[in-house]
2 protein chains.
Amino acid sequence: MKGEKNPLAGSTTLLVLSLLSRSDMYGYQMIAELEARMDRTFTMKEGTLYPILHALENQGALKSYQKEAPSGKLRKYYHITKKGLSLLEEKKEEWTVFTQKVNAVLAEAGPAPEPA
Amino acid sequence: MKGEKNPLAGSTTLLVLSLLSRSDMYGYQMIAELEARMDRTFTMKEGTLYPILHALENQGALKSYQKEAPSGKLRKYYHITKKGLSLLEEKKEEWTVFTQKVNAVLAEAGPAPEPA
DNA sequence: TTCCATACATAGATTATCTATGTACCTCTG
DNA sequence: CAGAGGTACATAGATAATCTATGTATGGAA
């Protein structure tokens, strides 16, 4: 039982699509952005993110383009497509339903209440 | 990309501990109980549950005992220990923090608002 | 020129969950 | 009573998601 990992729990795709629904971003930036927003909770690793970006692009949910940074370094920006936006809605709905049901079970946790 | 599985998302242990915090239960019953509460969302499979129960018992979070069903069949009931209860609190906190932060990111999803 | 941060990428290991299967016993039905 | 189906527990092997580790390349700072 060394399962003290990062339970991103299948929500990685959701988070990525969510970030990109606001503005185009590049990979490294998404990591920093999520790190900032969710700090201690978790960090998305490069080895997790890049394959997901590639897969989403293959599905047609994202499109990428190169853009030069002020520093002169090339960055690969991702733009969400219509297909990506509807995928986002779908995943968002799934997430909401799932978490609500888990929360309902949690709410009942604890010793059984004495009927008054 | 055939990833349309059951993303229990690492919350299985949390759900099991949560159920057992109310009353002792046996494996098959927990599956039915969760199925009833979360229906379409997902079903916990036996191949997922039993190994988790064994692992939790090895950690000392649960204790099991045999009890005969009215039918005469033997059932293996699980009882949550103090250790299990504190593990539950811990997991619950993690879950809450994590989902809240994801929700915060989701809340900002969508096209960037026009500043008024 | 050495080191560190940025930036992208991928192979291989781990972990979690599922699929499939097995055993055993009980109840119902023909 | 034989067989089917539900209950109940269990585990091996497959699949999927994530992490670890590493590699390449560049730019700026020490």
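Mentor: Buried means under 20% relative accessible area, exposed over 50%, and partly exposed in between (1.4 Å probe, protein chains only). This is a predicted model: local features need pLDDT of at least 70, side-chain atom pairs count only at pLDDT 80 or more, and totals for chains, interfaces and linings use all residues. Residues are numbered from 1 along each chain as written, chains are lettered from A and ligands numbered from 1 in written order, and side-chain values use heavy atoms, without hydrogens and water.

Trainee: Is B:Thr81 buried or exposed?

Mentor: B:Thr81 sits in the loop between S3 and H4 of chain B. Beyond its neighbours within four places in sequence, B:Thr81 is in contact (heavy atoms within 4.5 Å) with B:Gly60, B:Ala61, B:Leu62 and B:Lys63. Its relative accessibility is 14%, so B:Thr81 counts as buried.

Trainee: How does B:Leu85 count by relative accessibility?

Mentor: B:Leu85 belongs to helix H4 (residues 82–107) of chain B. Leaving aside neighbours within four places in sequence, B:Leu85 is in contact with B:Ser21 and B:Ile80. Its relative accessibility is 37%, so B:Leu85 counts as partly exposed.

Trainee: What separates the C-alpha atoms of B:Leu85 and B:Leu20?

Mentor: Look along the chain first. B:Leu85 and B:Leu20 are 65 residues apart there.

Trainee: In what order do the three strands of the open sheet in chain B stand?

Mentor: Strands are DSSP runs (E, at least two residues; helices are H or I, at least four), numbered from the N terminus. Strands pair if DSSP finds at least two bridges between them. S2(B) and S3 (74–80) of chain B pair in the antiparallel sense over seven bridges. The edge strands, each pairing on one side only, are S1 (25–26) and S2 (62–68) of chain B, and the order is S1-S3-S2.
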